Protein chains: 2
Amino acid sequence: MTGTDGTEVAVAGAVASADGVAVHAPSDKYSIALAARRRSYGPNTSLSYEQPLMIIRGDGTYLFDEHGVSYLDCVNNVSHLGHSNTEVVAAISAQLRKLNTNSRYLHPDLPRYTEMLLATLNTTTTTTNNNNNSCNTTCSSNNSTYSNKKSSTNCTRHNSTPEGCSSNSDSNKGACGSSSCSSTKANTLQNLEVLYLVCSGSEANDLALRLISVARPGATHVAVMGGAYHGHTSALIQLSPYKFWGTGGGGRQPHVHVVPCPDPYRGENLDGRAAARAVLAAAERCGGRLGGFFCESILSCGGQVVLPPGYLKVISERPRVGRDLYDELRAARVVLVADEVQCGFGRCGEAFWGFQTQPGVAPDIVTMGKPIGNGYPLAALATTRELAAAFAAPGMEYFNTYGGSTAAVAAGLAVLCILQRDGLQQHAQRVGSYLLYGLRQLLQTHEVVGDVRGLGLFLGIEIVRDKASKRHAPATARWIKERMKARRVLISTDGPYDNVIKIKPPMVFGIREADMLLREFREVLEQELTADVRQKLRRREDELWTSVYGPRQAKYRENERQLFQGGLSPQARL
Amino acid sequence: MTGTDGTEVAVAGAVASADGVAVHAPSDKYSIALAARRRSYGPNTSLSYEQPLMIIRGDGTYLFDEHGVSYLDCVNNVSHLGHSNTEVVAAISAQLRKLNTNSRYLHPDLPRYTEMLLATLNTTTTTTNNNNNSCNTTCSSNNSTYSNKKSSTNCTRHNSTPEGCSSNSDSNKGACGSSSCSSTKANTLQNLEVLYLVCSGSEANDLALRLISVARPGATHVAVMGGAYHGHTSALIQLSPYKFWGTGGGGRQPHVHVVPCPDPYRGENLDGRAAARAVLAAAERCGGRLGGFFCESILSCGGQVVLPPGYLKVISERPRVGRDLYDELRAARVVLVADEVQCGFGRCGEAFWGFQTQPGVAPDIVTMGKPIGNGYPLAALATTRELAAAFAAPGMEYFNTYGGSTAAVAAGLAVLCILQRDGLQQHAQRVGSYLLYGLRQLLQTHEVVGDVRGLGLFLGIEIVRDKASKRHAPATARWIKERMKARRVLISTDGPYDNVIKIKPPMVFGIREADMLLREFREVLEQELTADVRQKLRRREDELWTSVYGPRQAKYRENERQLFQGGLSPQARL
């Protein structure tokens, strides 16, 4: 079978897979399900891989198809504690048996969860070891308690290392108050003291937009990062260059301004302050005013991009060097939204939240989703008391049928307690560092591996034509994805040019799994990516660049030109 | 304690309740939870009742507070099969233990559910008894099977009674093909053959809006019904007069046109065709074009309003009398959306979907939510193959993290199978008719009961000052709600004037529960609504009318004037 990239694609049932194990032919059940799905389910929903997988079981960081064949899952960040986590399932099931209703009735677990989740976001001015037990106290619900298996690493790290803490282990304590560090640190950050529970990351970001529209009346313009995706609602598609400049996209709306995404690999767009000034000016030129700025703390759909140090906020004591985005926008009363839907909940390893890896960054709103309920639909928005009050002031009720329902809260509580108890943030840091190191070894020897980046278990491998040109190579990235799947390792591609392999596995992903991923990835590059295959892929890259990615890059480039060099009016649609 | 309506409100712990049973004082747990919630949870989320209830358990159509006191739940339509339904809980739990992942992998239950759900929406041209077993075949998932307890009433009824069927029982068969009716009927209806699964009713309606914007490019205007609520996203708040003309609302946006809601009780706005022509003209006067029309099949937040016969579609053979909204709008290529989020899934009794109670009504899109998963977050959009193809044509993927996930599908399958197996639609018709009859008895004898209306277990009681004036009486409605709660019966109020008591209990609500509701309601009216209380309430009505409802009514009236009498330009904001 020839895949859409012009190269041979292994078809289950037709060939032996690369690791020599026979591949099963699709079952009747598979064929029936595939036909029925194509007949009756949304035609623009997608199935991964040329030959989709029928997955019927999950366990930890493995998925199993209908033949019982296991796949190493390196991509499903929603199953944060692992697929089919026994304790989370038990917590949800117990709550479903007891009660699952909405938040218009009082329930003890809702505020318990709310306060526990908010505690992970905020620094405290003093931290002492007087409240050692608070973690035990909060790590329980109406139905369940989560005993401390690992007492020394059961708490989340705070926004930044307290000044009095020097060792790594100290920096990993604090959120539950069980740190023995008693340093005093001025809290210069926003206090995110109010939570809203909703159903999905999209609902959370859409709510952020509503909140901004009420709190900043008249400031209807919004700035977002190039390549960003913030959700699937009508309003959020307009805030997602990944969509509106992607396939089938309708282009940028006049009220949306796109901050060119920093590209540290190519040394482009690294100045946050200049970007802030440019979008403020662009809004003004359109006769508008910027009300909000949405930014993922690590850009996921943007291509697993780690923002350069100081991009959002410079905290050096030295005179600033003009790279500080947050201050510029805050001075203009722009509401700063950190979208943590993909990267939050300890995934970044060195901090519980992505924004906390960037010292001094203090968003006004944090949105959360995906991993929050290990797959149970739940998401959240945290904000300051001031903004919540402004949103509430006109008197319109906010109601969300499933947001804050008792079962959703049970799921959220279980995830948060287990995450902290089992030190999974620290685990992500450890395994992520090991994996990053291993992947970076490949940088030396493989021409198509352009960059390896990320934090914790949120990693990206940028696939390029060659190291000199750094040209995006989406066909090669896609080919690698398919070859890895044939080796029973599931990865995915992302970025505006679909050339960044993303790795964001369940957090229980361990050293053994990292070794498997590294081994298979290396073998694909060394044994399968032959000169012949590369030649075919290069032709495919040329075709794709002409038809898809070149025109797309032209839009991003034109946007930069308009912003920074005073080109066409920003009202001109792209 | 004096409530906000100026009348005495029973406070738990302070007085004996109306039925003579001592009321418990709030527990410490209650006080702690209430304080924590007020401190940390969205200040504009609401808790029902003057003294909120702490509910910790649910069973069938009863809820239980922290003291074990039971409340008859007449309002939570989300728990469609009853709170804590054992089989639904088991189905969700079993799936969670096995796998809960997204729809980018193939899973046999997704298309199984999709096709089963779509089958409830579409008529077939011929129905014979040859396929008696299809219900048994589809009523199973990968994990569970649902045996036929009630073989004769296990299927849903179709859009309209087949011509060959005359008896009531025949009309309740068909969707699964097990009807013995073999009539042939021309299928003049749309075929809703494609489904999208999402997370919430809001996501479903927001997706409808996206679909319309792609399928009808440039037709950016939308018509909605007065009093309607379609969801909480930024875009849907703009489509919800209940919100934008309600407390804290920002007014109507220029691209939104409001069809005055029919008020059969007062004999107002009963002409659907005139309304259709008016909104088409209004859009045109604004330089726009109508792309979509959203209408709940029974208006819930609009005040439990049953559309008058023929309002959407006249099917009489006689010459039409100018009351036909659907044809007018369809001729202008307006996409017709039936919002079934509140009233679907058999609640209306005489049909599985609300729109199917209106002969000939054939929406282009049906959105569903709330009851679909018995509380598990799930919702759906069904549409025609043509519209789905138009939406997919530009090539933009639609992805929803939790929509169509394996656990959500397990919940949906369980609900649909049990609903059909247990004949709950027919049960709703039976109990609903009984309840409606009982409530209508009260019309004769009670001055404040202005109207009693509804279908199946979707009922409304309009509370008025007096029968002659028919003036809305929100303070009295609210007082009744609080007094019913003291008697351990939970009801709620709705409508743009908050004066309609809504009754939409779990579908397992039976004759016994109906009797309890009727008895307590009668006693509140006969024993508690004394001349003295009425006098106090009348003063409160006057205050509320002046401060809140009078100005609100003025907006609705002005909208009517603009639409029908060529008043101010529709561009003038209301």
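Which side chains meet in a salt bridge at 2.9 Å, N to O, in chain B? Select Arg487(B) and Glu523(B), and there is the pair; a salt bridge here is a side-chain nitrogen of Lys or Arg within 4 Å of a carboxyl oxygen of Asp or Glu.

Before moving on, some ground rules. This is a predicted model, where local features need pLDDT of at least 70 and side-chain atom pairs count only at pLDDT 80 or more, while totals for chains, interfaces and linings use all residues. Residues are numbered from 1 along each chain as its sequence is written, chains are lettered from A in the order in which they are written, and side-chain values use heavy atoms, leaving out hydrogens and water.

**Still on the opening pair**

Arg487(B) sits in the loop between helix 14 (474–486) and strand 15 (489–490) of chain B, and Glu523(B) is in helix 15 (residues 511–528), 36 residues apart. Helices (H or I, at least four residues) and strands (E, at least two) are DSSP runs, numbered from the N terminus. Arg487(B) is buried at 3% relative accessible area, whereas Glu523(B), at 25%, is partly exposed. Buried means under 20%, exposed over 50%, and partly exposed in between (1.4 Å probe, protein chains only).

**Other salt bridges**

Over all chains the count is 54 salt bridges. Glu462(A) is buried at 3%, and Arg266(A) is buried at 19%.

Next, pick Glu558(B) and Arg561(B), bridged at 3.0 Å, N to O. They are three residues apart in helix 16 (residues 531–565) of chain B, so about one helical turn separates them.

For a network of salt bridges, select Arg483(A), Arg487(A), Arg519(A), Glu520(A), Glu523(A) and Glu528(A).

**Into the core**

The largest nonpolar core has 290 residues; such a core is a set of buried Ala, Val, Leu, Ile, Met, Phe, Trp, Tyr and Cys residues joined through side-chain atoms within 4.5 Å. Phe293(A), Met368(A), Phe293(B) and Met368(B) have the most contacts inside it. Centre on Met368(B): among the residues it touches are Leu117(B), Phe345(B) and Trp353(B), contact meaning heavy atoms within 4.5 Å.

Notes
Lists of a residue's contacts leave out its neighbours within four places in sequence.
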